[in-house]
Structure formats: C-alpha cells, structure tokens
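Good morning, everyone. Please bring up the sequence and the structure, and keep both in view while I talk.

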Amino acid sequence: MKFSSTQVLDGALAVVRTATRMVAVSGQPATYAAADTGRLSEAALTTADFTLAAGDISGRKVTIAAKSGLSVIAPGTADHIALLDPVSATLLYVTTCPAQALVAGGTVSLASWQIEINQPV
C-alpha cells in the first residue's frame, strides 16, 4: 500500500496558493511570459481566494474562488485559465475552461474551480 501525508499534499497546494494573478487565455501557455502577454482577462488573487480541504476522491484539494465582472483586456476565445506568480515570474498552473468568446471592453465571469492531488495508488 502507498501513502502520502496530508502535509506533503498540502505542501504542493501551498505553492499554488502563492499565485496572485489568475488570467484567462486562448490556448495553453507554456511560459509565464506567454500567459502574461496573451491574457484576455485577469483577476487579482489573495490567500483568501484559496480554500484547502479534503479531496473529493482522496488526498487534498484547493478551491479557487469565482471571480465575476472582470474586464476583458483583449478579444479572443478564452479556453484556459492560468495561475501566475508575478514576483518570481512563474507560471504555476494551467487548466482548461469552457470556451468563451470575449469582446474587448466587455466583462467575463470565471467560475470557482479546484485542483486535487490524490493519494498515491
């Protein structure tokens, strides 16, 4: 049987919680610079936007709070969300989202979402 301490799983999620920006982008960015320059919309994040809890399947998860009424910076189809740490210029995490056509000058809302790290099998 394999096992991982909650401290180990929370340690990885603690790194994710250092993100202070969440950006909506078109396509999967491979670098911080790509996510930053390709952002269609963005939201500032604080530690209050991240909630640690037991995982739905096993292990641990962090839930990222929903953000509404975000200004659209550039037009495009948002199909990925990226978490960024601008202090270290690090792309911390990227996930897909339902594709949304965005119009510059408009607004967009991003639903809450989760990152889950399961116990090893």
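Let's start with a definition. Buried means under 20% relative accessible area, exposed means over 50%, and partly exposed is in between, with a 1.4 Å probe and protein chains only. Hold on to that for the whole talk.

Now, what are we looking at? This is a predicted model, so to read it, know that local features need pLDDT of at least 70, side-chain atom pairs count only at pLDDT 80 or more, and totals for chains, interfaces and linings use all residues. Residues are numbered from 1 along each chain as its sequence is written, and side-chain values use heavy atoms, with hydrogens and water left out.

First, the overall picture. The protein has two helices and nine strands. Helices (H or I, at least four residues) and strands (E, at least two) are DSSP runs, numbered from the N terminus. Read from the N terminus, the order is α-β-α-β-β-β-β-β-β-β-β. The radius of gyration is 15 Å, close to the 14 Å that the globule rule gives for 121 residues, so the protein is as compact as a globular protein of that length. That radius is taken over C-alpha atoms, and the rule is 2.2 Å times the number of residues to the power 0.38. The C-alpha trace spans about 50 × 25 × 25 Å along its principal axes.

Next, the surface. Of the 121 residues, 36% count as buried. The accessible surface comes to about 6,300 Å², and 58% of that belongs to carbon and sulfur atoms. Those areas come from the Shrake-Rupley method with a 1.4 Å probe; for residues, only the protein chains shown count as cover.

What about contacts? A contact means heavy atoms within 4.5 Å. Take the contacts between residues at least 6 apart in sequence: 68% of them join residues at least 24 apart.

Now find strand β4, residues 60–64. How many of its residues are buried? Five of five, so to speak: the strand is mostly covered. Arg60, Val62 and Ile64 point one way, Lys61 and Thr63 point the other way, and all are buried.

Which strands pair with β4? Two strands pair if DSSP finds at least two bridges between them. Strand β3, residues 50–54, runs antiparallel to β4, and five bridges join them. Look at leucine 52: its bridge partner in β4 is valine 62. The hairpin of β3 and β4 has five residues between the strands, and there glycine 59 takes a positive phi near 70°. Strand β9, residues 113–117, also pairs with β4 in the antiparallel sense, over five bridges. Here threonine 63 has glutamine 114 of β9 as its bridge partner.

Stay with β4 for one more residue, arginine 60. Its salt-bridge partner is aspartate 10, and the closest N and O atoms are 2.7 Å apart. Aspartate 10 lies in helix α1 and arginine 60 in strand β4, so the pair ties together parts that are 50 residues apart in sequence. A salt bridge here is a side-chain nitrogen of Lys or Arg within 4 Å of a carboxyl oxygen of Asp or Glu. Buried or exposed? Aspartate 10 counts as buried, at 17% relative accessibility. Arginine 60 is also buried, at 17%. Leaving out residues up to four places away in sequence, aspartate 10 touches Leu52 and Arg60.

How many salt bridges are there by this rule? Seven. Let me show you two others. Aspartate 36 bridges to arginine 21, with the closest N and O atoms 2.9 Å apart. Aspartate 36 is in helix α2 (residues 32–37) and arginine 21 in strand β1 (residues 21–25), so the pair ties together parts 15 residues apart in sequence. Aspartate 36 is partly exposed, at 22%, while arginine 21 is buried, at 13%. Arg21, Asp36, Arg39 and Glu42 are linked in a network of salt bridges.

The other one joins aspartate 49 to lysine 67, with the closest N and O atoms 3.1 Å apart. Aspartate 49 is in the loop between β2 (39–44) and β3, and lysine 67 is in strand β5 (residues 67–71), so this pair ties together parts 18 residues apart in sequence. Both residues are buried.

Last stop: alanine 89. This residue has a positive phi of about 50°, although it is not a glycine. Where does alanine 89 lie? In the loop between β6 (76–85) and β7 (90–102). At 44% relative accessibility, alanine 89 counts as partly exposed.
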